Protein chains: 2
Amino acid sequence: MDKNLKLKTAEIEKISHLEYFNIAISVDCVIFCYQDKKLQVLLIKSDLEEFSGLYSLLGDLVRPDEDLDSAPYRVLKQRTGMDDLYLEQVRTFGSIDRHVSGRVITTAYYSLIDIKHQKLSVDQNELHWHPVKEIKKLAFDHKIILDSCLQRLREQVMEFPVAFNLLPEKFSLRELQELYESILGINLDRRNFRKKIALKGWLEDLEEMENEVPHRPGKLYSLKQAYRKKKVSKKQKPVLENIFSK
Amino acid sequence: MDKNLKLKTAEIEKISHLEYFNIAISVDCVIFCYQDKKLQVLLIKSDLEEFSGLYSLLGDLVRPDEDLDSAPYRVLKQRTGMDDLYLEQVRTFGSIDRHVSGRVITTAYYSLIDIKHQKLSVDQNELHWHPVKEIKKLAFDHKIILDSCLQRLREQVMEFPVAFNLLPEKFSLRELQELYESILGINLDRRNFRKKIALKGWLEDLEEMENEVPHRPGKLYSLKQAYRKKKVSKKQKPVLENIFSK
DNA sequence: TCAAAAGTGTTGACTTTACACCCATGA
DNA sequence: TCATGGGTGTAAAGTCAACACTTTTGA
């Protein structure tokens, strides 16, 4: 590749320089939130005839003067008013015919946002939250993109303190557990869940209680400062967790 | 993205259609082999002045008429003569200035090949195998790409029967263990390693022995047929391995 | 006083790790 | 007979899964 780029166009076999550049690159964002005890995704009604009635993910073409990894931040800022979000690149999709209007290769990202965050404004009336479990079909290959992002989220959530981005600053252990259950799609044992979370050491006990709950209030916690960096620093995990022994 | 594409060029803010398409997309392949008891990578001497003396990964621009995921197969076929390889997409790199000759976004793949495979021909004299551990610097951002691919390989190898793609059809448990040690960069306990591998049930006992070894020969094994599919089928792993209990 | 959820420990099953000796072969 | 690696089992430590009762609060 790098090599061909340097070659004069005539040398690039029979395909002209212009043709080579006739591929657009976009990003698509799977924006998750947690609302009504359900994991939800932000979608927009597709305005293409081919997909009338279907929804699609939020995306945009990557600009010539922006880093690939910056594009989803721009899209999110535009669409939700928020920056400083948790974002993770998942995979790039590039089948020839994945886009009806031409050749578009897209890099998928997922993002986690707190639905109650003050800065959040999803006012544009064509944007809607949809429970992930109820989504059967999306425009383009967006259902596949959604599925890969969900799978990646599930993997991440087991290992890293990322789910907290979906919750408000303060939360109870019940809320946290329900969130995990929504993401993973399974039920968890309360005692074991609490033990495990305690063991991770991610949480700070705020010495405050829930209020306005119609039952015994639980303690409130927040994620310790040290774990809050949103810009994904190279997760240099120890490579080997618990495998073949020494 | 999808939306803008449909708009007339004038509508796409102030950036022209042509500018949007003035981004090239390439693939770069981290081709691993296992030789001299070391994990090695196939590199080519960079022909750019900026990188004189440095090596780079093998890549090429994606053709307008090929799927993104097909491009690395083409590159590998061209460079090594082999098809039907194990290939996995890792991540897409797209900083504005990552390429000296213009805007090029690249999708990284890693591949595992058996250095003794009959079809393998890396005759082009500008191609060389380099022990991964000895690589300090590469052209472009290729060192970072190599590192991500290595990390992904390490993750995969713990869970899925992929390392076998680096070995000949028949191999001994010692060879297999040494391979794992090279990939992971650590030493493994022989008894525990054998127990673990046996437990996975990946191997078929060929009831044959090594020969031409200057010591007691070991049994030969091969990967069971059922595990040999190279085209990565959707690894639908059970999502939860060993985490929070029910 | 009822309903709802908070909070809390123990046990058995399983997994992981650490570790050492005798055996078969070729030189 | 020596050097090299092949082949094998056990015990202790740690982790995981299953499970139930009492407490607190608001209605």
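**Figure 1. Packing of helix 5 against helix 6 in chain A of the predicted model.** Helix 5 (residues 173-184) of chain A and helix 6 (residues 190-200) of chain A have axes 11 Å apart and pack at an angle of about 100°. Angles of 65 to 115 degrees count as roughly perpendicular, and the two helices of chain A, helix 5 and helix 6, are therefore described as roughly perpendicular to each other. Helix 5 of chain A contributes Leu173(A), Arg174(A), Leu176(A), Gln177(A) and Tyr180(A) to the contact. From helix 6 of chain A come Arg190(A), Phe193(A), Arg194(A) and Ile197(A). Sorted by class, the residues in this contact of helix 5 with helix 6 of chain A are five nonpolar, one polar and three charged.

**Figure 2. Crossing of helix 4 and helix 5 in chain B.** The axes of helix 4 (residues 142-159) of chain B and helix 5 (residues 173-184) of chain B come within 9 Å and cross at roughly 140°. That angle makes helix 4 of chain B oblique to helix 5 of chain B, because only angles over 145 degrees count as roughly antiparallel. The crossing of these two helices of chain B is left-handed. On the side of helix 4 of chain B, the residues in contact are Leu150(B), Leu153(B), Arg154(B), Val157(B) and Met158(B). They meet Tyr180(B), Ile183(B) and Leu184(B) in helix 5 of chain B. By class, this contact of helix 4 with helix 5 of chain B holds seven nonpolar residues, one charged residue and no polar ones.

**Figure 3. An open three-stranded sheet in chain B.** The strands of this chain B sheet run in the order 8-10-9, and their pairing is antiparallel. Strand 8 (171-172) and strand 9 (203-209) of chain B are the edge strands, each pairing on one side only. Strand 8 of chain B is joined to strand 10 (residues 219-223) of chain B by two bridges in the antiparallel sense. Ser172(B) stands opposite Leu220(B), a residue of strand 10 of chain B.

Figure 4. Chain A has an average pLDDT of 88, and 85% of the residues score at least 70.

Definitions and conventions:
Residues are numbered from 1 along each chain as its sequence is written. Chains are lettered from A and ligands numbered from 1 in the order in which they are written. This is a predicted model: local features need pLDDT of at least 70, side-chain atom pairs count only at pLDDT 80 or more; totals for chains, interfaces and linings use all residues. Side-chain values use heavy atoms; hydrogens and water are left out. Axes are lines fitted to C-alpha atoms, for helices over the stretch in contact, and angles run from 0 to 180 degrees between N-to-C directions. Helices (H or I, at least four residues) and strands (E, at least two) are DSSP runs, numbered from the N terminus. Angles under 35 degrees count as roughly parallel, over 145 as roughly antiparallel, 65 to 115 as roughly perpendicular and the rest as oblique. A crossing is left-handed if the near helix is turned anticlockwise from the far one by less than a right angle, and right-handed if clockwise. Contact means heavy atoms within 4.5 Å. Ala, Val, Leu, Ile, Met, Phe, Trp, Tyr, Cys and Pro count as nonpolar, Asp, Glu, Lys and Arg as charged, and the others, Gly among them, as polar. pLDDT is the predictor's confidence in each residue, from 0 to 100. Two strands pair if DSSP finds at least two bridges between them.
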